[in-house]
Amino acid sequence: MNKVQVVEAQGTVEPWKGFKDFTVKKKVIESEEIFTLYLEPTDGGKVVLPKAGQFIGIKVKSEDEEMKKVIRMYSLSMKPNEDYYRVSIKLVEGGKMTNYLLNNINEGDILEVTPPKGLFTLNKEKVDKPLILLGGGIGVTPVLSMLYDVVGTRDNVHFVYSLRNMKVECFLKEIKDYREKGLINANIFFTRPLENEVEGKDFDRKGRITKEWIAENLPLDGEFYFCGNKGFTELVQNSLLELGVEKDNIHFEFF
């Protein structure tokens, strides 16, 4: 995540200072490399209503003094609400926090959580323009939150999800269901599909997104929001600029 540390107060709850105790209400293994945590305030109260695209900071309660110092930021992956936060996390080889959360944190355990932060947020007022959301790998989580926030409320929503294969997917079925219901236009890229994964069934296109594909398949007069690793983000940004998309319509965050 980037280092933006801006809190946007919303809803009925004011942001707390620092960290607050949250209970892990549910833990779900989404795929071989991604798991999801559902977090609710331990005191039974409401949460600060986030804007779609924001993230929270998490640290653990541990007897390990070094582990107690580790803080990681994770994008929220749910429709903004005042009842709980949901984060979907990709395992990182050698990652202190990701591996600790997977192997040591269970339902009922307590984590310390910050209020929502971040400036990579959806502007819901520009409803007259097509909305294009692109996610690369686990960078799909903030744009997924944006999708949840608008799906069914406006037309001409495009969602592009680029990932390696099913080993690292999260909520792909929901995206496909939205497409089947005619709520969104969706395109799924698998950069390295497995042998048993079939183009046209499990995914729509093999390989990476290209400038040519963007030009032929996405409305260039829309609002673009995208998040992924540096390579993905720079590719999309540079392609859009080369295709003449106005800078004011390009919004992104590195993951």
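On a 1 Å grid over the protein atoms alone, a pocket is an open set of points where a 1.4 Å probe fits, with protein on both sides within 12 Å along at least five of seven lines, and its lining residues have an atom within 4 Å of a point. Grid points are joined across faces, edges and corners, and a volume is the space filled by probe spheres set on the points. The structure described here is a predicted model, in which local features need pLDDT of at least 70 and side-chain atom pairs count only at pLDDT 80 or more, while totals for chains, interfaces and linings use all residues. Residues are numbered from 1 along each chain as its sequence is written, and side-chain values use heavy atoms, with hydrogens and water left out.

The second largest pocket has a volume of about 250 Å³. Its lining is made up of 14 residues, with Arg72, Tyr74, Lys90, Val92 and Thr98 nearest the centre. At least two lining residues come from each of strand E4 (72-75), strand E5 (85-90) and helix H2 (96-104); helices (H or I, at least four residues) and strands (E, at least two) are DSSP runs numbered from the N terminus. Eight residues of this lining are nonpolar, three are polar and three are charged. In this scheme Ala, Val, Leu, Ile, Met, Phe, Trp, Tyr, Cys and Pro count as nonpolar, Asp, Glu, Lys and Arg as charged, and the others, Gly among them, as polar.

The largest pocket has a volume of about 430 Å³. Nineteen residues line this pocket, and Gly136, Gly137, Ser162, Arg208 and Asn229 lie nearest its centre. By class, the lining of the largest pocket holds seven nonpolar, eight polar and four charged residues.

Buried means under 20% relative accessible area, exposed over 50%, and partly exposed in between (1.4 Å probe, protein chains only). Leaving aside residues up to four places away in sequence, Tyr161 touches, among others, Val140, Val168, Cys170, Leu172, Ile175, Ile188 and Phe189, where contact means heavy atoms within 4.5 Å.

What about the cysteines? The structure holds zero disulfides, a disulfide being a pair of cysteine sulfur atoms within 2.5 Å. The sulfur of Cys170 is too far from the closest cysteine sulfur, in Cys227, for a bond, because the distance is 12 Å. Cys170 is buried at 1% relative accessibility, and Cys227 is buried at 0%.

Asn156, in the loop between H3 and E8, has a positive phi near 60° although it is not glycine, and Asn156 is partly exposed at 37% relative accessible area. Phe171, in the loop between E8 and H4, also has a positive phi near 60°, but Phe171 is buried at 9%.
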